[in-house]
Number of protein chains: 2
Amino acid sequence: MTDHLRVPDFVEGFGPLQETRVSSVSKSHGQHRKPVLPDLDAAISALELKDGAVLSFHHHLRNGDAVMVAVLEAAARAGLRDLHVAASSIFAVHAPLVKHIESGVIGSICTNFMSGPVAEAISRGLMTSPVLLRTHGGRARAIRSGELEIDVAFVAAPSCDPMGNISGTTGPQACGVLGYPQCDVLCAKRVVAVTDTLVDYPAQRIQISQDSVDMVALVRSLGDVSGILSGTTRPSEQPDDLEIASKAARVIEASGLLVNGFSLQNGAGGTSLATAAALGRVMERKGIVGSFASGGVTGFHVDMLEAGLFESLLNVQCFDLKAIESFRNDPRHQGMSASMYANPHERGAVVDRLDAVVLGAAEIDLEFNVNVTTRADGLIMGGSGGHADTAAGATLSIVTTKLTAAGFPKIVDRVGTLTTPGKTIDVVVTNAGIAVNPGRDDLTDRLRAAGLTPVPIEELHRLALEQSERRPQRSMSDHIVAISEYRDGTVTDVIRKV
Amino acid sequence: MTDHLRVPDFVEGFGPLQETRVSSVSKSHGQHRKPVLPDLDAAISALELKDGAVLSFHHHLRNGDAVMVAVLEAAARAGLRDLHVAASSIFAVHAPLVKHIESGVIGSICTNFMSGPVAEAISRGLMTSPVLLRTHGGRARAIRSGELEIDVAFVAAPSCDPMGNISGTTGPQACGVLGYPQCDVLCAKRVVAVTDTLVDYPAQRIQISQDSVDMVALVRSLGDVSGILSGTTRPSEQPDDLEIASKAARVIEASGLLVNGFSLQNGAGGTSLATAAALGRVMERKGIVGSFASGGVTGFHVDMLEAGLFESLLNVQCFDLKAIESFRNDPRHQGMSASMYANPHERGAVVDRLDAVVLGAAEIDLEFNVNVTTRADGLIMGGSGGHADTAAGATLSIVTTKLTAAGFPKIVDRVGTLTTPGKTIDVVVTNAGIAVNPGRDDLTDRLRAAGLTPVPIEELHRLALEQSERRPQRSMSDHIVAISEYRDGTVTDVIRKV
C-alpha cells in the first residue's frame, strides 16, 4: 500500500483493480455509532424525506398502536405532503389519519385490512385516490418483487438496542412475533426502529438485526398494551356458534384429512376457536396428533400444543399474553414472516401446507365468493388479511357463518365485495345447514357417508332471505374508494363510495 | 368476476386494473409441493444451469464438508464448464476441486479463506484467472450490494423439511449457527437446500425458511462430523503461548476498556483462548461483567458465559459441540448472519461494537500491516476471514505472535501479502515484547503507566531477524494467482505464482 507497484492497475483474466488507499482506511468504530434520535421529529428530519415518500408500518400493536399516528404527526409538522402509507393493517386507533388525509399530508394508502373511522371516512369518499387492499401474502409478494417500493419502514420495536437490534418479546408493549415487518426491513430503502424501551447492546432475542436498521428513534410509549391484545381469545359459548363449530369439526373429520400430521388454521374469533376446540376433542378421542397449527396464535392454540394435539405452532402474530409467553419459551412455537406465511410466489408458503382452514365471512354468495371487506351497507370494515391466502392454500377451506346478521342475509346472491374467490372455498357451514362447492363432489360424497347432509347453497340462500328483514345496499357511485387486490396482484373487485 | 362490469379497466387516481380471471384462480396446494430431488444430479438437471454460472457454498461444515465437492462432481457429470465457485471458505477436504479446475469445470473462484491442496495448487499457478479473496464482511457487502450475483446458493442443511425449512441444530452433522449462508439465500436467484436428514414438516428451530428455498436435494451424508469441529478449542498450555496471552490480557486491562460492558472477540487458536482465559481471571477478580463475546464460538466461550463473565454471545459459527448445545438451549447465546457480524455498510456491524479483538498473524511488518494469507514461502494458506473486519471494528486490535516460526521471522520489514492494513492494528504482543502502533500514543502512555514497557516494532523486527535462520521468499512472477480484497471492495494486495 505504500508502494504503488504492489497492486497493479489491471490483472489479466480479472480486470481493473482499485488499490486500497491508506488514507481511506480507518477504524470504523467511531463512524458506526448509529444515530439514536430523541424523538420522531428528529428522525423525520434526519431522513430528509420528500413529498410523496412511501412509509410502511406493521400492525403487531393492533388497536393499541400509537406509532403510525405519531410518525404521521411528525411528518405533518415537517410539512410533508402526499405521503403514501403502506400499513399492514389500519385499526380504530388510527382515526387521526383522517385529518392527515384531509390536509393532504397523506395522499394514498395501501393496507391489508382496514376498520374503524379511517375505513368509514374512506368509504364515504374522503380520498381522491383509491386505497389498495392487499392480502397478507400479496403484500409480501409486492414488497419482495419490487412492486411496492418502500422509502422508509418504521418498525415499532417493543425493545431495541442502540444499534437497532429489535426484539418483540421484551418491553412493556411486548407483542411477541414480528412477522409482518420482515419483508419491509429487507427491502425498504431505510429502516427506522421506533422504541420506548432502549436496552443495552446487544438486545436479547433479536428478531430484526442491526444490519437492517438505519436509525433508532425514541418515543414515550409505543401505545396501549390493552389494545394490542385482541378481545376474544376463548372459544364461543353461544349455542348457535357451538352448533356451527360442531358441524365444522364434523366436516373436517369426515373429509379424511384428520389423520396424524393434520394441519389447521383458524382465526381468533369465538366460532373459529370453538371449531378448533371441538376438533381437539375428536383428535384426543382418536389419538390423532397434528403437525402444526398456524396463523395469528392465541393462548387457546398454546393449550392445544401443550396438550400434545399439535407438534408445533407456526406463528405470524401473537394475539394474547399466553401466546407471547409460549413463543418466548417453547421452541416448538416458531415465528414466521408474512412471506413464509403466505407469499404466493413459487417457493411456496406455510398456507400451502394447510389441510384445513376455518374462515369467517361478512357475506358468501351462490358462487361461494366471500366478502370480508365491506358491510351490507357498503362501508369498509376489513379486508382479506390472510383470508384469501389461506383459502387458496388449504386443501379444505371452510367458511362458518350464521344465516343472517343485523337483519341482513349473509348468504347472498352476489357478494357486495369479492374478497376471496369462490373457487378456493370448499364448504360453508351455517346454523341451518352445510353447503359444498359444486367443484368438490368428492367432499359431498364423504360428508354424506358421515351422515352429514349437505344442501345446495341456493337452499341456504333462500333461508337467509326468509330470515332477514333487510337487503344489502350496493353503491352505484362512480367514485371508487378502494381496490381489492388478489394475492397475485390482479383485482377481484372495486369498492365504491357509499 | 363473472361480470366484467365489476372491475373497470381503469380507475381515476390509480391507473389501469387487471381483473382476476376465475379460470386462473385455483387452490395453490397441489402446485406448491416443492421438488425434493433424490440426488444432486437431479438437482443440477432441474436447475438448467448454463456454463459460467455462479454457485455459492457456506463453510459451516468446515474440513468435514462433503457438499461442495459433491455438487461440483454432479456439475461435471452434467457437462457444465467455467463455473464460478463463490465459497465462504475452502479447506483441505475440498482437494477434489483441483481436478475440476484442471478440467475446466471450475473457471474462477472467490472465497474468504483458502487452505490445503486447492490453495497450494492455485499458488503454483493452476488457474488462469486469479482467485478473489474477500473478508467475511466484504463478502456480505458484495452479495447485498449486487456486486457478487449468485445464480444458485447450495446450502448444506443439517436438517431440512420437504419445503426447505432448514435447521443447523439437529441432524448427525449439526453445526449450530448458520451465519454464513444468510446473505446468499436472501440474494441468490435460486437456493437449493442439500440435506442428509429430511425431517417432517415443519422443521424445528428453523434458521432459513422455506420462502427462501427453491428445492431440496438429498445426499447420503453432508460430510464427516469430526472434520466439522475444529481441533483446538481449549486454551494453550505452552509456556511461550501463556506468556504472550498473559501480556495481551495485561494490555487489555491497561487500555482502560476492561470495565462493565466490555466486549471481546478472540479466535479459536490456543493463544487466543489463553488470552481470553487470562482476561477472564482478571474480570473475575475485579468483578467485571462483559456485555458480549463474538465471533466463531467455542465451548470455552460458553464457559465464560455460564460463569457470568459475559452477558451474551453473538455467534456466526460454532466451533465445537458444546457451542452447538449452548446455542440450542441458551437464549443469551444468539446466532448472527455474516452481514450482522461484519458487513462494512453504513448500518454498522457487530465488529464495530467490539472493545478488543485478539488476532493472529503469519507476518506483521514495520507498518503493522498483517499477513494471514500467505506463508513465508509464498503459498496461500488462509485469507482474512473476519481478520480485517474485526481489526477495523474493534477499538483495540491486538495481534499476538511469536517472533519466529519454522525458522522464518514473523516480524518483517514488509509483509508478503497485505491482508489487514496496519492502520487498523493497535498493538503487537510477542514473547519478546510489546509494540504499539505509533498512531496510538494514548495507548503507549497507558501501557507505561501499567508497568508494561512497549518497545518500537523495529526492535521486535531486529530480534526476530536475529532468531531466524531463513528469510521469506517473495515471488516476482507476473502471474497473479489471487487478489486480496479489503472489506470495502478495494484491493490491498495481489498474490503471485510461487
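Guide: Start with two residues, B:D426 and B:R440: both are buried. Buried means under 20% relative accessible area, exposed means over 50%, and partly exposed lies in between (1.4 Å probe, protein chains only). This is a predicted model, in which local features need pLDDT of at least 70, side-chain atom pairs count only at pLDDT 80 or more, and totals for chains, interfaces and linings use all residues. Residues are numbered from 1 along each chain as its sequence is written, chains are lettered from A and ligands numbered from 1 in the order in which they are written, and side-chain values use heavy atoms, with hydrogens and water left out.

Now look at how the two residues meet. B:D426 and B:R440 form a salt bridge, with 2.9 Å between the closest N and O atoms. This pair links distant parts of the chain, 14 residues apart. B:D426 sits in the loop between β23 (411–412) and β24 (427–430) of chain B. B:R440 sits in the loop between β25 (433–436) and α14 (441–449) of chain B. Helices (H or I, at least four residues) and strands (E, at least two) are DSSP runs, numbered from the N terminus.

What is a salt bridge? It is a side-chain nitrogen of Lys or Arg within 4 Å of a carboxyl oxygen of Asp or Glu. Side chains of opposite charge can pair when their charged atoms come close.

The pair has partners. A network of salt bridges links B:D426 and B:R440 with A:K27 and B:D442. Over all chains, the structure holds 51 salt bridges.

Compare another pair in chain B. B:D41 and B:R77 join their side chains in a salt bridge, N to O at 2.9 Å. This pair also links distant parts of the chain, 36 residues apart. B:D41 lies in helix α1 (residues 40–47), and B:R77 in helix α2 (residues 67–77). B:D41 counts as partly exposed because its relative accessibility is 33%. B:R77 is at 56%, so it counts as exposed.

A:R462 and A:E459 form a salt bridge, their closest N and O atoms 2.8 Å apart. Both lie in helix α15 (residues 457–467) of chain A. They are 3 residues apart, about one turn of the helix. A:R462 has 39% relative accessibility, so it is partly exposed. A:E459 is partly exposed too, because its relative accessible area is 29%.
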